[in-house]
Amino acid sequence: MDIQEDYQLPPEPEEIHRSQQPYIEDIEDEGEPPVGPHCERYIHEYPCPAGQWIRCAKTAFENLVDCQAKEGKEHWEPFESEEEWELAMWLIKHIGQKSTDEYLKLPIVYNAGNLSFHNNYTFLQKVDALPTGPEWDCEIVHVNGDRIGKDGKVMFEDLELWLHDPVECIRELMGNPAFLELMAYVPEKVYMDIKSKKQIYDEMWTADWWWDTQDNLPEGATIAPIILSSDKTQLSQFHGDKKAWPVYLTIGNIAKEVWRQPSAHTTILVGYLPAPKPERLSDSTRSLASYWLFHYCMLLILEPLVEVEKVGVEMVCADGYVRCVHPILAAYVTDYPEQCLIACCLENHCPRCLVLPDERGSPVESLLCDVDDTLHVLRKHRRGQEPPKFEQDGICAVYQPFWHNLPHCNIFKCFTPDLLHQIHKGVFKDHFVKWCSAIMGTDEIDACFKAMAAHPGLRHFKKGISFVSQWTGTEHKEMEKVIMGVLSGAVNSRVLTVARALLDFIFYAQHQLQLILVL
């Protein structure tokens, strides 16, 4: 059957569908181009076929619109009118549930009688009736403890693991028409100069990883770089032991300018990891048991990716074309303890390289951890051979890490720097500020902060810094702006040289665009 009989074909894409960045004509270089997001960009295309489309098709959103039209429904259903739909969007974006209930019960709103919902409960019923994405699934995870309960039996616990199918989550993101102008399907190398000497790294498709990974896939394949993030969170502060351990998923095909916008819905909650109660496990086994449970649950969540990473899966993309997409785990964003948890190493070791614990922070070169070597050591340890590298590399006895069967994933290269904990809090606050305080004295450094004149755009620490017990990321950044003024005249020139080099590194690390010359 001819596809044109069903609907009109979208416009023919370019031979290689790339990002929406404009190409610069090959003209003579007239000087140094400006550095920043709006600098000139000379793009080198990937030399082989990549990101090729197979056929055209309608996105899930277009199918939903067609289904509503056939059933005689309006686009804003289940709401009664377009105005009611706009009010619902405003309430969701700007008002909390308690305030929503109070607003809807106001006499001027309630007596108007033109709304189909009159309290927060009926409003949420309307919201729940909207079309949804991938369905939730629940897996029961049976955890045996090593302690004997009051009944004389070994204590155990059945935990709930709530999860989405990650392939369906990726399908939803790839086919979302809202991201049409923000999607890329092909790797690029971007330069600031026509001579290709000043390479730029900003979006994920400009990174070497995408270019190199594309070489290992069939011609025409489309990579969907998976970016996972997780953070164990304590929900109750004063009573109880309620904890949440969410796992989020997004893809690197979407421009990073919208990643941090919650309203853009570029990130999907893909699972809730269970947090077992500690009383069922002894102190000697609790740590290793938490490693096992985490990897087993992540293995269940990511299981659908194992096969599609190898052979790919057809997906309708935002531009209305079907491509063979290979979802590949490319990055995992989390804090340092969870990085060690994911890498199956002790927390006094590096989750990325083989540096010895007592040499961390020293100017030594270390090899990166290798997936095959780590799995080989784990297999030998499981057979009781006690390989020396098991203790030397600080490996934990997790014999089936969730990443062991992901063919194109190098988990040790997936970890991203944690700017808050590793740079602002770790390097700056816990090391550099303490070092300066030891040199100057706590009273003196407080006096210097107090003596600084107030200036627009800069924070005046009028009470000093020693009294603050818990710092936020914003306060760290504000202190970094004024610390050179505090140190000037109070320490010798060598300390100022160290301070300037450290602050330069911190500010460079926060740039949204990186140059190969700077790196």
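Colleague: What makes Ile445, Asp446, Cys448 and Phe449 in helix 14 (residues 442-451) count as buried?

Modeller: In this predicted model, each of the four residues is buried, that is, under 20% relative accessible area with a 1.4 Å probe and protein chains only as cover. Helices are DSSP runs of H or I, at least four residues long, and strands are runs of E, at least two, both numbered from the N terminus. Local features need pLDDT of at least 70, side-chain atom pairs count only at pLDDT 80 or more, and totals for chains, interfaces and linings use all residues. Residues are numbered from 1 along each chain as its sequence is written, and side-chain values use heavy atoms, leaving out hydrogens and water.

Colleague: What do the buried residues of helix 14 pack against?

Modeller: They pack against helix 13 (419-440) and helix 15 (473-487), contact meaning heavy atoms within 4.5 Å.

Colleague: Why is tryptophan 136 called partly exposed?

Modeller: Its relative accessibility is 37%, and partly exposed covers values between the buried and exposed limits; therefore tryptophan 136 falls in that class. Tryptophan 136 lies in the loop between helix 5 (120-128) and strand 3 (137-148).

How values were computed: Buried < 20%, exposed > 50% of the residue type's maximum accessible area, 1.4 Å probe, protein only.
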